[in-house]
Amino acid sequence: MTRAGQHRRRALAALAAVTAGALTLTACGGGGDDGGGGGDGTVRILVLKHALTGPMSDMAWVDQIEEAAGVTIEWEEVSADWDQKKSTMLAAGDIPDLVVGTNAITNGDLATFNGLFEDLSDDLDALPNVTAMFEEVPATEAMATQPDGAIYSLPSYRRFWPETATRQFINQQWLDNLGLEQPTTWDELHDVLLAFKNEDANGNGDPNDEIPIDWSPAGDAGFGYFQPSVLLGSLGLPISDGGGAGYFVEDGVVKNFLVDERYREVVAFLHELYADGLVSQDVMTQDYSAYQSVARGDGDTARVGFTWGWAASDRVGAQLADQYAALPPLRANDSIAESDLTWSYDSYSLNYGVNSITMSAQSRNKEAALAVIDAFYDQDISIQVLWGDLDENITKLDDGSYEVLPPADETSDPSTWKWTTTLADNGPGWIRDDIDVVLPTDLAEAVEQSVPLEPAIANVDPTADIFPGALITMSQEDLSTISLNDTGIFGIAMQRWATWITEGGIENDWDAYVAELEGVGLTQNVEIHQRYYDEFVASQG
Amino acid sequence: MTALSPAPARSRPRTGAPVPAARPPRGHGLRRHVRRYWQLWAMAAPAIAFVALFAYVPMYGLQLAFREFDFAAGLSGGDWVGLTYFRQFFDSPQFWTLIRNTVVISVSTLVAGFLAPIALALVVNQVVGRRRKKFLQTATYLPHFISIVVIVGMLQVFLSPSSGLITRVAEMLGASGGNMLGASGFVPVYVLSEVWQHCGWNSIIYLAALASVDPQLYEAARIDGAGRFTIIRHIDLPALVPTMIVLLILNMGNVLNTGFEKIFLMQNPLNLGVSEVIATYVYKIGILSNQFSYGTAIGLFNTLINFTFLVVTNQIAKRVSSTSLW
């Protein structure tokens with residue numbers, strides 16, 4: 001329901017459907033290919049929405065776009081099973097003028113369905129807002145540009161998000177109840193968790209209902225937010241997007257942490273915790289909603305001692321949030337200096353939304369579609385797409401400053417409200433760097449709870465320490481190879497991850513496992529990543 | 001398990017057997033045949049059209065398995081690559097794992113799912129009293145109507161290692177086993193829940209066969225002093241054999257078609273090593289990763305294996321018991 005939940009859902013997949021529109025062109029639109037068409041310019045847009053989001057017709061900014069572009073928009077609204085619908089829809093070549101939604105069309109799709117999408121690189125004259133965004137925020141241009149210079153899809157930029165999605169929380173009230181200090185190393189964490197388990201930390205009389213540590217379930221296709229992969233930072237290994245497929249960069253060399261000794265140490269540590277009964281027994285088999293609801297408990301008594309999440313009020317519910325403190329990164333042991341610590345760098349996925357709007361090459365109403373794209377990147381419209389309509393959700397104080405209002409529905413929270421009333425993070429748009437915005441409380445909370453992590457995040461250089469996947473686009477052949485190898489790699493790796501933590505055995509299996517992963521294509525994938533990374537570094541000068 | 005559902009009439013045309021139209025007598029001309037049987041052909045026409053349109057026409061897409069999918073060139077326009085994708089699959093490190101998992105899951109489901117309904121039908125048939133019999137039958141076939149998503153949700157709730165009802169009961173009985181949602185529990189949990197869900201439904205067809213047994217046979221047997229088990233052994237079972245063989249052959253045609261949805265929903269990182277089967281792999285490769293050609297090739301391989309099993313079982317059944325599909 002929240003931003004964080006949304007993120008996960010997006011990662012898992014979700015949403016869609018479609019038919020293509022045969023459109024008539026207005027005679028005055030200029031460059032019409034059939035003069036006979038009557039009617040106004042109609043632009044068909046497929047929009048990928050969050051399950052909570054209401055109908056597009058309820059959003060006032062839609063009228064502003066129609067007015068600015070001089071068109072009528074026909075929406076096709078999709079909020080479930082997008083991944084499955086998409087494949088068949090694209091293979092049939094049947095898409096509307098525009099597809100809107102963050103990463104609704106992935107780089108892989110752009111490569112596989114070559115020719116289906118309009119190359120916007122020669123239409124930039126008709127997109128002044130987009131051109132300006134490319135100049136002001138050069139990363140957006142890098143994200144949009146394919147290896148051959150074509151631009152099929154445009155990213156969004158929203159600027160105010162923290163640089164990481166995963167924040168670390170410990171139940172301060174439990175610590176105080178038991179007279180303990182906040183842990184700073186893995187050993188101290190282990191001791192604290194043991195105390196949580198053995199004593200009645202939440203003070204409800206039952207010493208056995210505490211779950212010392214819980215985390216978000218890892219899927220079978222890699223790591224994500226709110227997972228213990230952030231503990232790699234305790235050893236100074238830089239990750240991004242919660243770990244993802246495991247690629248990172250060290251001294252100019254691309255590596256994968258799945259076969260790194262430091263990953264082995266993290267897994268061994270997690271097994272120690274699991275063997276002592278400190279980890280939720282459901283951690284490998286529960287789904288995201290179970291992970292969320294367990295920590296919220298009945299609302300009065302906290303169940304979880306130490307965990308990762310988007311923001312305290314999102315993770316454990318508003319009633320329990322005050323019990324939790326945001327915790328700085330832990331050191332693996334005393335040999336690791338505080339200045340070596342790192343944390344997951346997620347700014348590329350949080351502050352940018354890749355491929356948020358894509359145009360069909362078959363569009364018969366090209367000018368109108370381009371005008372709509374450009375309107376999305378207008379200053380006022382961008383902010384409304386993100387947080388909701390002016391006056392209702394946002395007050396415009398003056399030309400360059402805005403205030404996001406609390407939800408008009410008092411029973412709602414700011415995050416849910418945003419997703420209910422507008423496209424929010426799924427929409428295209430460009431939040432200017434020079435405007436002032438009074439942020440909604442949910443975002444302000446996340447930013448505040450990121451503070452303890454900031455030194456560690458600052459330790460990650462987004463161009464030298466992580467693989468800047470968002471800024472690099474690959475060829476179809478390489479994407480196919482990688483995705484094929486990944487299915488094999490993660491089929492093995494995620495199962496071992498789960499088994500090693502719950503049952504142990506990493507010490508004996510490690511060498512065979514590394515050889516096995518390299519055999520199913522990890523070596524090849526790393527080589528491909530290295531090649532693109534070298535090109536990227538060279539292009540940066 | 002779908003194969004055990006009482007739908008032989010539906011699966012029959014799909015396996016290629018002609019619609020049961022009357023065969024023309026030998027030596028007569030086409031003209032005479034048409035004049036004589038046109039009503040029958042007219043009746044069969046919709047079914048023939050249906051099968052042709054939805055089973056045979058889409059087969060032209062199979063060429064994708066031998067071509068490199070190229071969106072711009074269309075389904076039949078990609079470069080011909082021959083058996084490249086098949087070789088890729090056979091050489092893939094995943095190959096033997098997939099085959100092993102698929103065979104283990106489908107064979108155990110096939111065996112358990114084949115025997116359980118027969119046993120249930122024999123038991124229900126022995127129950128005295130119409131109302132009791134009806135109650136038992138209804139109670140056993142009701143789970144069939146629960147959706148797969150709900151079944152998997154129930155399994156996850158009941159078997160949760162921390163709070164699951166079944167886990168707790170097992171603990172009280174002293175069986176503090178491992179995680180039943182993990183690797184070791186996957187196959188038993190899958191097979192048992194399949195049997196539990198579909199056993200009652202699949203026994204209906206056997207009950208129908210038993211209902212058609214001539215009561216005189218029972219009476220004669222009793223007069224001859226036969227007990228309950230002797231009657232089952234010598235009257236009920238032989239009466240079921242033709243049905244059993246037809247259903248078995250039809251099931252063999254699906255031997256590698258494991259229940260995709262249920263397995264997919266039950267997958268988690270802990271059991272992936274035993275729960276990744278051909279169907280889920282094709283979904284991940286073909287649909288989610290857009291490897292259409294590779295996915296088609298694996299799917300075709302799967303179908304060919306199934307087809308072989310179907311034909312072989314049919315031939316064996318023909319020789320051994322003279323009951324067969326064709």
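**View 1. A:I45 stands opposite A:L98 in strand 3 of chain A.** This is a predicted model, in which local features need pLDDT of at least 70, side-chain atom pairs count only at pLDDT 80 or more, and totals for chains, interfaces and linings use all residues. Residues are numbered from 1 along each chain as its sequence is written, and chains are lettered from A and ligands numbered from 1 in the order in which they are written. Strand 1 (residues 42–48) and strand 3 (residues 98–100) of chain A run parallel, joined by 3 bridges. Strands (E, at least two residues) and helices (H or I, at least four) are DSSP runs, numbered from the N terminus. Two strands pair if DSSP finds at least two bridges between them.

**View 2. An open sheet of 5 strands in chain A has the order 2-1-3-11-4.** Its pairing is mixed. Strand 2 (72–78) and strand 4 (153–157) of chain A are the edge strands, each pairing on one side only. On average, neighbouring strands are turned by 25° against each other, direction ignored. Axes are lines fitted to C-alpha atoms, for helices over the stretch in contact, and angles run from 0 to 180 degrees between N-to-C directions.

**View 3. In chain A, 3 strands form an open sheet in the order 12-13-14.** The pairing is mixed. Strand 12 (394–398) and strand 14 (436–438) of chain A stand at the edges with a single partner strand each, so one side of each has no neighbour in the sheet. From one strand to the next, the twist averages 20°. Strand 12 and strand 13 (residues 401–404) of chain A pair in the antiparallel sense over 4 bridges. Which residue is the bridge partner of A:I394 in strand 13 of chain A? The partner is A:V404.

**View 4. Helix 4 (residues 95–126) and helix 8 (residues 183–211) of chain B pack at an angle of about 45°.** Their axes are 6 Å apart. That makes helix 4 of chain B oblique to helix 8 of chain B. Angles under 35 degrees count as roughly parallel, over 145 as roughly antiparallel, 65 to 115 as roughly perpendicular and the rest as oblique.

**View 5. Chain A meets chain B through 32 residues of chain A and 25 residues of chain B.** Two residues are in contact if their C-beta atoms, placed from the backbone, lie within 7 Å. Helix 18 (476–503) of chain A is one of the elements that give two or more residues to this side of chain A. Helix 18 of chain A gives the most, with 12 residues.
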